[in-house]
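Good morning, and thank you for coming.

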Amino acid sequence: MDHYTDQTGYQAIRAQIVWLFRAGQPPGNHPFGAYFTTLPRSTPNLAQRLRIPRSKTQFVFEFSDVGDLTSLPGGRGRYIYYSPKDYDVAQPRQQYHGPT
Amino acid sequence: MSTAIGGIDVTFRTARAGFRTSALLDALLDFWPQCQFQVADESQSQGVVALLAVPTELDTPEFFVYRDAHSVGEWQRLGSSPENANTMLHFLIEDDPADAKELQVTLVVDDFTPEVSAIVEALLSALATTGDGPPGNGVSSRINYDAQLRELGYGFDRHQFYDLLDETRRLFYSTWTADELACHPHEAQLFCEIVRKRCGAPVPDHIVMKGLFNSRKRKRPLA
């Protein structure tokens with residue numbers, strides 16, 4: 001499971017031993033939450049698929065999925081998941097963080 | 001908070017039998033005559049006009065349609081941005097988990113501008129989607145509600161108007177209740193605009209929203 005972000009977001013999240021992904025209200029008609037995706041770094045047209053600025057795909061946090069996230073309703077639920085509240089990822093689950 | 005998702009997802013179902021991606025693309029040409037088609041996993045795009053000239057059926061579960069070649073470049077360079085908003089439509093097509101005879105089509109847009117709303121209407125017509133669920137019985141309503149709809153030029157009764165409201169909410173705001181929609185003024189405004197376009201009458205916002213709340217009070221017959 002991945003979370004993409006820009007440099008500012010990257011610096012903020014990596015500063016803590018336990019990664020904390022804060023929930024918020026995304027644009028559009030989506031639930032309040034912290035959002036993640038199973039799309040890997042090598043995915044073609046990643047920004048288009050997530051519909052975010054390309055700058056927000058410059059950095060990534062990768063962690064193991066434990067099945068506690070909810071898939072987005074609709075077709076993009078194949079690869080977009082969310083937590084309705086702030087989401088912690090402790091060190092044993094952390095796999096990679098850095099530039100994409 | 002990092003924004004890890006954007007766009008508005010509109011999901012609707014259509015019969016698997018007879019479904020053609022080319023019908024969607026053909027409908028889009030009326031709005032974007034120079035639009036470009038791109039398979040989601042590929043880097044290259046091609047003009048829809050040229051694509052449809054080749055008599056082979058498209059069978060891709062995820063693709064983008066850009067307004068024109070310039071938009072392709074801008075999305076590749078910037079991703080989503082205010083400058084290129086509403087110049088790309090994202091389609092995902094998959095089996096409907098509830099019905100093997102139907103497909104689930106998801107369309108992702110940026111905003112419901114008048115053009116995008118018209119495009120969505122055209123796509124729905126192209127697919128000839130059907131709504132789900134039986135019509136409601138309706139409950140007693142103030143007599144002047146029907147009269148108001150008639151005065152506005154709406155050609156059907158309040159029950160059919162309520163059905164339209166229900167369907168519109170399910171299509172465009174499927175994860176939101178009527179209460180949640182009412183608590184988001186911007187989205188409620190967009191919802192009202194979509195309803196006006198769909199019903200072809202200048203129904204004021206307050207009648208749309210009252211109708212939405214009235215419609216949920218209706219008792220439905222047991223299946």
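I begin with a contact in chain A: a polar atom of the side chain of Thr43(A) lies 2.7 Å from the backbone oxygen of Pro40(A). A polar contact is a pair of N or O atoms within 3.5 Å; within protein, one must be able to donate a hydrogen and the other to accept it, and residues adjacent in sequence count only if both atoms are side-chain atoms.

Before I continue, a word on conventions. This is a predicted model, in which local features need pLDDT of at least 70 and side-chain atom pairs count only at pLDDT 80 or more, while totals for chains, interfaces and linings use all residues. Residues are numbered from 1 along each chain as its sequence is written, chains are lettered from A and ligands numbered from 1 in the order in which they are written, and side-chain values use heavy atoms, with hydrogens and water left out.

Thr43(A) sits in the loop between strand E3 (34–37) and helix H2 (46–50) of chain A. Helices (H or I, at least four residues) and strands (E, at least two) are DSSP runs, numbered from the N terminus. With a relative accessible area of 12%, Thr43(A) is buried. Here buried means under 20% relative accessible area, exposed over 50%, and partly exposed in between, with a 1.4 Å probe and protein chains only.

The loop between E3 and H2 of chain A also holds Asn45(A). Asn45(A) is buried at 8% relative accessibility, and has a positive phi of about 55° although it is not a glycine. Most residues other than glycine have a negative phi. Arg51(A) is buried, with a relative accessible area of 3%.

I turn to the aromatic residues. How many aromatic pairs does a search of the whole structure find? Over all chains there are 20. Rings of Phe, Tyr and Trp (its six-membered ring) pair if their centres lie within 6.5 Å; planes under 30 degrees apart count as stacked, over 60 as edge-to-face and the rest as tilted. One of these pairs is Trp19(A) with Phe21(A), edge-to-face at 6.4 Å centre to centre and 80° between the planes. Both residues, Trp19(A) and Phe21(A), are buried. The pair of Phe63(A) and Tyr87(A) is tilted, because the planes stand at 40°, with the ring centres 6.1 Å apart. This pair links distant parts of the chain: Phe63(A) belongs to strand E4 (residues 59–63) and Tyr87(A) to strand E7 (residues 87–89) of chain A, 24 residues apart. Phe63(A) is buried at a relative accessible area of 0%, and Tyr87(A) is buried at 6%. Ring pairs join Phe63(A) and Tyr87(A) into a cluster that also includes Tyr10(A), Phe36(A) and Phe59(A).

Next, chain B, which has nine helices and six strands. Of its 223 residues, 50% count as buried. In helix H4 (residues 114–127) of chain B, the 14 residues should span 20 Å at 1.5 Å a residue, and the end C-alpha atoms are 20 Å apart, which agrees. The expected span is 1.5 Å times one less than the number of residues. Among the buried residues of H4(B) are Val116(B), Ile119(B), Val120(B) and Leu123(B).

Ser71(B) lies in helix H3 (residues 69–78) of chain B and is buried, at 2% relative accessibility. Its side chain makes a polar contact of 2.8 Å with the side chain of Asp68(B). Not counting residues up to four places away in sequence, Ser71(B) touches Tyr66(B) and Thr87(B), where contact means heavy atoms within 4.5 Å.

I finish with the cysteines. How many disulfides does the structure hold? Over all chains there are zero, a disulfide being a pair of cysteine sulfur atoms within 2.5 Å. The sulfur of Cys183(B) is 14 Å from the closest cysteine sulfur, in Cys192(B), which is too far for a bond. For Cys192(B), the nearest cysteine sulfur is that of Cys199(B), 10 Å away. Is Cys183(B) buried or exposed? At 59% relative accessibility, Cys183(B) counts as exposed, whereas Cys192(B) is buried at 2%.
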